[in-house]
Amino acid sequence: MTIQGFIFDLDGVLTDTAEYHYRAWKRLADELGIPFTHEENEALRGIPRRESLLLLLKGRTYPEAVLSELMDRKNGYYLEFIRELSPRDVLPGARKLLQEIRAAGLKTALGSASKNAREVIERLGIAGLFDAVADGYSVTRQKPAPDLFLHAAALLNLPPSACVVVEDAEAGVEAALAGGFYVVGIGPQERVGRAHVVLPSLAEARLSDLCQQLMHYAAG
């Protein structure tokens with residue numbers, strides 16, 4: 001195998017905006033009189049905004065125009081919260097790994113279902129470490145469909161077999177596997193255990209170690 005590029009998810013991999021998402025969904029849920037917990041927020045990990053809203057509504061039905069307004073309202077709350085983001089919010093090891101990948105002459109892309117991905121990486125001060133960005137505006141079908149990662153690979157002009165996806169969500173791991181990518185899962189085994197390599201975080205991640213582990217997997 002020859003690894004030529006890495007595609008990174010955003011939330012839970014490069015920064016932890018899960019709490020900001022929770023606070024935004026919780027605020028909306030409170031306004032609607034719907035109970036919503038941190039545990040329920042975990043089920044929204046890696047899921048696009050519309051699907052997340054439908055899960056939050058728990059079977060309650062609204063006209064499409066109202067659903068659109070609710071999504072915009074939640075996004076407005078989220079944008080309020082992420083104004084607090086700064087370079088200090090990059091998760092441990094993430095910036096160093098990105099720098100190491102680029103120093104090795106490999107390509108990097110962001111592959112995030114978030115429609116706010118570009119603003120987030122700008123606020124984190126890492127936008128310059130990516131050759132391409134695939135986000136919530138890039139494709140129609142989101143994770144667990146592989147389209148977002150396939151689009152990111154196309155932006156890098158690389159085949160999926162030459163790319164490694166780094167993901168923290170079960171839906172994202174499924175998407176990457178369906179697209180024919182190598183996958184590094186970030187998080188607990190029960191969530192990302194189908195990835196080829198599983199790490200608790202990027203804190204101790206090194207490019208050489210990742211490549212060695214993936215080559216070992218590829219060798220059978």
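Reader: What must DSSP find between two strands for them to pair?
Author: At least two bridges between them count as a pair. Strands (E, at least two residues) and helices (H or I, at least four) are themselves DSSP runs, numbered from the N terminus.

Reader: What sort of model is this, and how are residues numbered?
Author: The model is predicted: local features need pLDDT of at least 70, side-chain atom pairs count only at pLDDT 80 or more, and totals for chains, interfaces and linings use all residues. Residues are numbered from 1 along each chain as its sequence is written, and side-chain values use heavy atoms, leaving out hydrogens and water.

Reader: How many strands are in the sheet, and in what order?
Author: The open sheet has six strands, ordered β3-β2-β1-β4-β5-β6, with parallel pairing. β3 (132-134) and β6 (197-199) each have a single partner strand, so one side of each lacks a neighbour in the sheet. From one strand to the next, the twist averages 20 degrees.

Reader: How many bridges join β5 to β6?
Author: Three bridges join β5 (residues 182-186) to β6. G185 has V198 in β6 as its bridge partner.

Reader: Which strands does helix α7 lie across?
Author: Helix α7 (residues 147-155) lies across β1 (5-8), β2 (107-111), β3 and β4 (163-167). Its angle to β3 is about 160 degrees; axes are lines fitted to C-alpha atoms, for helices over the stretch in contact (heavy atoms within 4.5 Å), and angles run from 0 to 180 degrees between N-to-C directions.

Reader: Turning to side chains, how many aromatic pairs are there?
Author: There are three. Rings of Phe, Tyr and Trp (its six-membered ring) pair if their centres lie within 6.5 Å; planes under 30 degrees apart count as stacked, over 60 as edge-to-face and the rest as tilted. One of the pairs is Y22 with F36, stacked at 5.8 Å centre to centre with 20 degrees between the planes. Y22 belongs to helix α1 (residues 18-32) and F36 to the loop between α1 and α2 (38-42), 14 residues apart.

Reader: Are Y22 and F36 buried or exposed?
Author: Both are buried, meaning under 20% relative accessible area, with exposed over 50% and partly exposed in between (1.4 Å probe, protein chains only).

Reader: Why is the pair of F149 and F181 edge-to-face?
Author: Their ring planes stand at 70 degrees, with centres 6.2 Å apart, so the pair is edge-to-face. F149 counts as buried because its relative accessibility is 0%, and F181 counts as buried at 2%.
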